[in-house]
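Notebook open, one chain to go through. I'll jot down what I looked up, in the order I looked.

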Amino acid sequence: MRVLAVVGEADLDTEPALAQALNDALHDPPVPRALTVDCSGLRFCGCAGLNQLLRIRRAAAEGDVSFALADLSPQVARLLDLTGTRAVFDVVPAVPAALVTPRRGARTWGRAGPTGQIPRPQGVGEPAPAPDAAPAGTRIGAQVAVLTAQVERQARAGQWQLSEADTALARTTATRLHTFVGTAARQETLPGIERLEYLREALAVLAVGTAHTHGQLAWFLGRATAALAPVLQWRALEADREHALGTVLPTLKEFTDAENAVRHLDAVLARTTTHGPTTEAAPARSQAEGTGRARRSSA
């Protein structure tokens, strides 16, 4: 059995490197009788990555090679469920560590660059962070900044093509984000329990947007949702560790960082066109800062 451990992100940028790694894993002599793709380190998989997994599964079947996915990360499992492709794959538990230990001469791949795959030195246990990926544990604002910078670079390179419906959804999502997270002066006057409530509302807005589209905008909203997800582990009320179920009290700095991240997403989505976010300033907004909240409170 041959095991290919995929680590990082499987998206449009990394698709060439993933395709070559899958091809080599399937065809390099000696040709395996079984090929398993270990997905435990796959932080993000978009449609481009899923298409490559479906392609190599079909190629394996044609070559009478059994094919399976192992140890799905939560995001990959959700992608398979949303696309109805989980039943297509054989999904197995974690691969024994002995089978994924690189043998001498084994090859590993990093993120695809301008010229295609980038080989990493053999013997390194964890790959270096991708140029467009914030390190794990980085604060929410930094993760969002990295994500939006990547999207804006793709837009400038002409790699973003959104439908009119997706553009409208981006603008609507921006408006809803602004309803819940306003200016810093406004947010800082609120008690922590309200700041947390509005951050969770913003997170729900991103998740709903992800559910209503596919392709590039869905990938962007999904990554943004994942970046903001730590707010689900926050609490605003005092409690002992046992009763708090592992949740933590955020600091004022963490509140501000998360709110700034939402404002950044709001601005990027507000200036999204069919060719992705523009570099122009976001359109002016109404100064009726509390209107949406007041309407919701009185309902």
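Started with helix α1, residues 15–27. I checked its length against the rule of 1.5 Å a residue: 13 residues should span 18 Å, and the end C-alpha atoms are 18 Å apart, so the two agree. Worth noting here that this is a predicted model.

Next I asked which residues of α1 are buried. The list runs Ala17, Leu18, Ala19, Ala21, Leu22, Asp24, Ala25 and Leu26. I marked Asp24 in my copy, as an aspartate on that buried list. What covers them? The cover includes the strands β1 (2–5), β2 (8–10) and β3 (34–38), along with helix α2 (47–62).

Then I followed the chain out of α1. Pro30 sits in the loop between α1 and β3. The peptide bond joining Pro29 and Pro30 is cis, with omega at about -5°.

**Two positive phi values**

Asp64, in the loop between α2 and β5, has a positive phi of about 60° without being a glycine. Buried or exposed? I put Asp64 down as exposed, because its relative accessible area is 71% and the cut-off is over 50%.

Asp71 is in the loop between β5 and α3 (74–83). Its phi is also positive, near 50°, and again the residue is not a glycine. With a relative accessible area of 30%, Asp71 goes down as partly exposed.

**Ala68**

Ala68 has 10% relative accessibility, so it counts as buried, the limit being under 20%. I wanted to know what Ala68 touches beyond its neighbours within four places in sequence. The contacts are Leu35, Thr36, Val37, Asp90 and Val92. For Val92 I also took the C-alpha distance to Ala68: 6.8 Å, for two residues 24 apart along the chain.

**Helix α8**

The buried residues I noted in α8 are Arg195, Leu196, Tyr198, Leu199, Ala202, Leu203, Val205, Leu206, Gly209 and Thr210.

Thr210 came up again when I moved on to Ala218. Ala218 is in helix α9 and is buried, with a relative accessible area of 10%. Leaving out residues up to four places away in sequence, Ala218 touches Thr210 and Thr213. I also took the C-alpha distance from Ala218 to Gly46, which is 9.0 Å across a sequence separation of 172 residues.

**Empty space**

Rolling a probe the size of a water molecule over the atoms shows where empty space is left. How many cavities of 30 Å³ or more does the whole structure have? The search finds 2.

The largest cavity holds about 170 Å³ of space. I counted 13 lining residues for it, and those nearest its centre are Asp11, Gln150, Val151, Gln154 and Trp219. Helices α5 (140–156) and α9 (216–228) each supply at least two residues of that lining. By class the lining has 7 nonpolar, 3 polar and 3 charged residues.

I then opened the second largest pocket, at about 210 Å³. It has 12 lining residues, with Arg139, Ile140, Trp234, Glu254 and Asp257 closest to its centre. Here α5 turns up again, and it and α10 (252–270) each supply at least two lining residues. Which element gives the most? That is α10, with 3 residues. The classes for this pocket's lining are 5 nonpolar, 3 polar and 4 charged.

I left the totals for last. The chain has 11 helices and 8 strands. Of its 299 residues, 43% count as buried. The Ala68 and Val92 pair, 24 residues apart along the chain, is one I had already written down.

Definitions and conventions: Residues numbered from 1 in each chain as written. Predicted model: local features only at pLDDT ≥ 70, side-chain atom pairs only at ≥ 80, totals over all residues. Heavy atoms only, no water. 1 Å grid on protein atoms, 1.4 Å probe; cavity = no way out; pocket = protein on both sides within 12 Å on 5 of 7 lines; lining within 4 Å. Points joined across faces, edges and corners; volume = space filled by probe spheres on them. Helix = DSSP H or I, 4+ residues; strand = E, 2+ residues; numbered from the N terminus. Nonpolar A, V, L, I, M, F, W, Y, C, P; charged D, E, K, R; others polar. Buried < 20%, exposed > 50% of the residue type's maximum accessible area, 1.4 Å probe, protein only. Contact = heavy atoms within 4.5 Å. Expected span 1.5 Å × (residues − 1).
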